[in-house]
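Reader: Before we discuss labels, please show me the structure. I will then ask what each label rests on.

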Amino acid sequence: MKKDNLLIEIGTEELPPKSLKALSESFADGISQGLKQAELDFQSIKIFATPRRLAVLVMQLQEQQQDKVVEKRGPSIEVAFNDQGEPTKAAIGWAKSNGIDVEQAERLTTDKGAWLLHKAEVKGQQLDSLLPDIVASSLKQLPIPRPMRWGESEAEFIRPVHTLTLIYGTRLIDAEIMDTPSSRHIKGHRFHSPKGFQLEKADDYEALLRQHYVVADQEQRKTTIENAVNTLADELNGQVQPDPELFEEVSALVEWPIALQAEFDKSFLTVPKEPLIVTMKDDQRYFPVENQQGELLPSFIFITNIESKDPAQIIAGNEKVVRPRLADAQFFFETDKKLSLETRLDSLDNVLFQKQLGSVKDKAERISLLAAVIANQLQTSEEDAKRAGLLSKADLVSEMVLEFPETQGVMGKHYALNDGESETVANAIEQHYWPRFSGDKLPDSDVACAVALADKLDTLVGIFGIGQTPKGDRDPFALRRAALGLIRIVVEKQLNLDLHTLITSAREQFGPRLSNQTVQDDVFNFIMSRFRPWYQEQGVAVDVIKAVSARAPSRPADFDARIQAVSSFKGLEAAESLTAANKRVSNLVSKSELSLTGTINHDLLCEPQEQTLAAKIGEVEKSCEPELAVGNYTGALTRMASLKDDIDAFFDHVMVNAEDAKIKENRLNLLHRLRQMFLNVADISLLQ
């Protein structure tokens, strides 16, 4: 059967740059699924996407479906014929629907009976008849939140569609999709090749587009942009910080990327670099350049979509455009410096945090008091933590942050230093938002950690305290992110803090504002629930997480130590046997109606195996005490693992449910004590 390559292109007006990758991948996935459902075999699919097109090249696609035989079962023989052996209406109707006479039907006989059967030969359909519906369906399932209409057409899409091209090998497939007929016309670059070209062969698509100043592969454009930007930065003895999202967005804005370097007035460097970088990146999609020390240079790199004969004109135009934006940032900075952060606190009273929880000023005061409490537990400066907490939100009412919200925190640091605050306080103001996203850096100092934890706890306890818990995808106060950030800070910084204590301290700051009487338990359980997805992302087995979670250790750093220990324990040779033994012990103890204390009467130990196990348990308990005291759970479990042979011998030779009630109770107490020893670390019985 013939196989060839198929080119599908949808030519549009400029597509949303931040959606281009998702649109192109979804389109390719829809085409792939449609071809598979149509039982059309193909080798692979290559994706193309530019601001003005979505396209795929399907490699080695078969031209026609395979012919096949379809078996159609009819009524049973008892129903198909009457007592005289004549066909019934049911049989005649079924035969007619299949285009045959009853006499032409075959018989299907199984152990459950016999039925009429017709084997119909179905001719495979041609690609030409199947493809239009496949493409149309693929376009309909694209992630488009708000489709639009254009002209007098009833068609809806994310942007107006101007061209449709469906070429199989060298053959144009006739179709009309989105009120657009298929043709060989392919748009070239808007300025370098406005007339476009006629595509005769699917395989020529990418190469011909390049001749017409279009790099069709978005990943290629992205790589080209990255290389060109880094080359220009090297020539300036500088560097461009990695920003995958910006590189991807810029690659979705141009079809023929050309990198150029421009400059701005050095006087703007008196402004902190962060707002300058924000305005260059977010407003203009420029790439700021820094030196090796991380200081901003008076240069930037930008990508143009035109290969100009006079690039100086383009450079001058971009320098002119960026100047007023940088001047705004400079003006805001100089204006903001006239007021200290402390004098801005009263303005925070006019900014609502949450109706029932008060203003942002109320929140800052709570953070201040709670940060001091946490700093005391961390044995760091309560005064610095309290001061940083109080000023942590003051920059929200500054001109700079109102204009550039992304600079909150970092501008607070700069303004604090300008006010004469200590570096410790200034850094804590910036870092109390950290970590801002998955994988982000953590606060540097214990003071900064105290303020960051106070901010996150205040939000968690406050919102849970008024009953507004996250539901489904709705999490307007980012409580999941706050909980995960809290966990990361305490675990990765190895801070000896207890969740119950932290939550109680946070609850106290709200006074009578909170209506939820179970807020402390709710917040604790919510934070504990975030451990599982966090550890799963790190590759920790679910059963290990369950084993530790069952003990609900309230110190996150301690939780992590147990996770590491149980993960290591699973790799021991004795782990499987000990896990099975723990399951057996757990079942025996849980089913017992006796009040077990773990106290062993050695006079009632009759069998040598139970005598040995009791003695060994005592020895291991004693040797584990110092390990457990310092949180060396790996060492403790390793010592417990030495009991494997003695536990196996016990179950092989000792009957737990002895006829003598006292002996039975004594043996159950022995097992209870064994289980409690393992439970000092985790519930090993939950391991798989």
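Author: Strands β14 and β15 (residues 296–304) run antiparallel and are joined by 3 bridges. The model is predicted, so local features need pLDDT of at least 70 and side-chain atom pairs count only at pLDDT 80 or more, while totals for chains, interfaces and linings use all residues. Residues are numbered from 1 along each chain as its sequence is written, and side-chain values use heavy atoms, with hydrogens and water left out.

Reader: Why are β13 and β14 called edge strands?

Author: The open sheet has 3 strands in the order β13-β15-β14, with antiparallel pairing. Strands β13 (258–263) and β14 (287–290) each pair on one side only.

Reader: Why is α21 called oblique to α25?

Author: The axes of α21 (residues 575–591) and α25 (residues 661–679) come within 10 Å and cross at roughly 125°. Angles under 35 degrees count as roughly parallel, over 145 as roughly antiparallel, 65 to 115 as roughly perpendicular and the rest as oblique. The angle falls in the rest, which makes α21 oblique to α25.

Reader: Which residues of α21 make the contact with α25?

Author: With contact meaning heavy atoms within 4.5 Å, they are Leu578, Asn582, Val585, Ser586, Leu588 and Val589 of α21. On α25, the residues include Leu668, His672 and Phe678.

Key. Axes are lines fitted to C-alpha atoms, for helices over the stretch in contact, and angles run from 0 to 180 degrees between N-to-C directions. Helices (H or I, at least four residues) and strands (E, at least two) are DSSP runs, numbered from the N terminus. Two strands pair if DSSP finds at least two bridges between them.
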